[in-house]
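Please keep the sequence and the structure in view while reading.

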Amino acid sequence: MFELFSGLDAWLALSLALALLFVLTFEFINGFHDTANAVATVIYTKAMPPNLAVVMSGIFNFLGVLLGGVGVAYAIVHLLPVELLINVNTSRGLIMVFSLLAAAITWNLGTWYFGIPASSSHTLIGSILGVGLANALLTDIPLGDGVNWQKAIDIGLSLVFSPVAGFVVAALLFLALKYWMPTPKVHSTPVVRKETKGKNKPPFWNRLVLIVSAMAVSFVHGSNDGQKGIGLIMLVLIGIVPAKFVLDLNSTTYQISRTRDAAVHLGEFYQRNAPTLSEYLALGQAANTELPKQFRCDPKLTEPTINGLLRTLDGVNDYRDLDEQARIDIRRYLLCLDDSAKKVGKLPDLPAREKADLDKLRKDLTATTEYAPFWVILAVALALGIGTMVGWKRVVKTVGEKIGKQGMTYAQGMSAQITAACAIGLANVYSLPVSTTHVLSSGVAGTMVANRSGLQGSTISNILLAWVLTLPTSMALAAGLFYVSTLIFG
């Protein structure tokens, strides 16, 4: 880890250290901001003592980050337009990261202070969108090109529909429990059980399910939300010390060969589908054989980009043998080829079988650019896990007592947690970032409605208000910070 500071000017090393600290601070806050939701039900129902619950949740969050991969991390990164990703210089990269993180941290701390279960995912995504739009204004590119809108729409749909699905599925699961297990002890609140039975803890099987599902929510939260921090750190490293991180320098000769072969097969794929793609990709046009001096991504530049990549990779067995500019060029080629291939895959005239082949080629193309060093994953895992162990009380009380007009029953806690664990786990499979906060709190609300317990209007209003305001507020904060900082320091 520490060798990344070698050879850097003092101001650049300090900027890098501060940027990394900002990211880890965001993940630390994410730990006690979002993960309180993961342990809210198990603490409120007294299935586990609070201190043990948050420590165990921290451990499972840690494991979730370590084992979760990087799919969600790069889904977040690719919210930014590919032109911004391939042309990030040191100053612009620093301003970008500090702006979006400062906006996200400010909003997260504010909502946590008032005990509102707002979403760190929404906050971070809003901040990234704000930076992309501000960059478009500063560089005179159309606002429509300032953000990867297709990726933003995909992520937006997952953030919108996951709480709705959480509400419905948790309600249905609760009704099924009520039908199959109508015994009062399953549907008691901790207060009622204490008064009638003199017992503090739930019945054994209820307690077991509550504990297991809470740890499952913690694990999938770590594997989903922790990846966002990984993606941010990679943005920092690529922007400030590109020579060491634009490519995975630990790539084996076989992996580099796979990248080279993927480019060859991609060219063959386009030739095979030339009747459909010739005009879109300007295939075979003699006037389009050179890349522009100001590098940009354009589907019509696909053939020269493939040729440029193959020339640069010719005879290369180790990325360390390349100079800094060659490494940067390879990453640019790969990102642009992937971007164009993604656009080609959405064309209506391409057969489904060919689209499936194209998806496989895209994975091979990006195998050595979409990665994270182990120390990055470990640092984020520690920040998220430690953050989980502090600051949880405010949100636990909101989820347990203030969503419904009555306290949460054991069956309601189980239904909400099982739903949240399954929903977030499924999102991880498809590399989609979702909000643990929204899925769990909407699941609790769904069980309250299904139980006819009623909802507390003031709490629901606050949650919905935070849900509605988070995206535009974080966008505005990040855009303003980025715009002003760029004018001053850029």
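The largest share of the lining of the largest pocket comes from α14, which supplies 6 residues. The model is a predicted one. Rolling a probe the size of a water molecule over the atoms shows where empty space is left.

**The largest pocket**

- The space in the largest pocket amounts to about 930 Å³.
- A total of 30 residues line the largest pocket, and those closest to its centre are Lys151, Asp338, Lys342, Arg362 and Lys363.
- Four elements are named as giving two or more residues to this lining: α3 (71-77), α7 (149-180), α14 (324-345) and α15 (352-365).
- Sorted by class, the lining of the largest pocket holds 12 nonpolar, 7 polar and 11 charged residues.
- Both domain 1 (20-244 + 372-489) and domain 2 (253-367) contribute to the lining of the largest pocket, with at least three residues from each.

**The cavities**

- Across the whole structure, a search finds 4 cavities of 30 Å³ or more.
- The largest cavity contains about 80 Å³ of space.
- Two or more residues of the lining of the largest cavity come from each of α3, α9 and α14.
- Helix α9 provides the largest share of that lining, namely 3 residues.
- The residues that line the largest cavity are Tyr74, Val77, His78, Leu85, Met234, Leu235, Ile238, Arg331, Leu335, Thr369 and Glu370.
- By class, the lining of the largest cavity consists of 7 nonpolar, 2 polar and 2 charged residues.

**Helices α14 and α15**

- The axes of α14 and α15 come within 10 Å and cross at roughly 165°.
- Angles over 145 degrees count as roughly antiparallel, and α14 and α15 are therefore roughly antiparallel to each other.
- The crossing of α14 and α15 is left-handed.
- Both α14 and α15 are among the elements that give two or more residues to the lining of the largest pocket.

**Helices that pack with α16**

- Helix α9 (residues 204-240) packs against helix α16 (residues 374-388) at an angle of about 130°, and their axes lie 9 Å apart.
- The pair α9 and α16 is therefore described as oblique.
- Helices α9 and α16 make a right-handed crossing.
- Helix α2 (residues 50-67) also has an axis that comes within 8 Å of that of α16, and the two axes cross at roughly 160°.
- This angle makes α2 roughly antiparallel to α16.
- The crossing in which α2 passes α16 is right-handed.

How values were computed: Residues are numbered from 1 along each chain as its sequence is written. This is a predicted model: local features need pLDDT of at least 70, side-chain atom pairs count only at pLDDT 80 or more; totals for chains, interfaces and linings use all residues. Side-chain values use heavy atoms; hydrogens and water are left out. On a 1 Å grid over the protein atoms alone, a cavity is a set of points where a 1.4 Å probe fits but cannot get out, and a pocket is an open set with protein on both sides within 12 Å along at least five of seven lines; lining residues have an atom within 4 Å of a point. Grid points are joined across faces, edges and corners, and a volume is the space filled by probe spheres set on the points. Ala, Val, Leu, Ile, Met, Phe, Trp, Tyr, Cys and Pro count as nonpolar, Asp, Glu, Lys and Arg as charged, and the others, Gly among them, as polar. Domain bounds come from an automatic or database domain assignment. Axes are lines fitted to C-alpha atoms, for helices over the stretch in contact, and angles run from 0 to 180 degrees between N-to-C directions. Angles under 35 degrees count as roughly parallel, over 145 as roughly antiparallel, 65 to 115 as roughly perpendicular and the rest as oblique. A crossing is left-handed if the near helix is turned anticlockwise from the far one by less than a right angle, and right-handed if clockwise.
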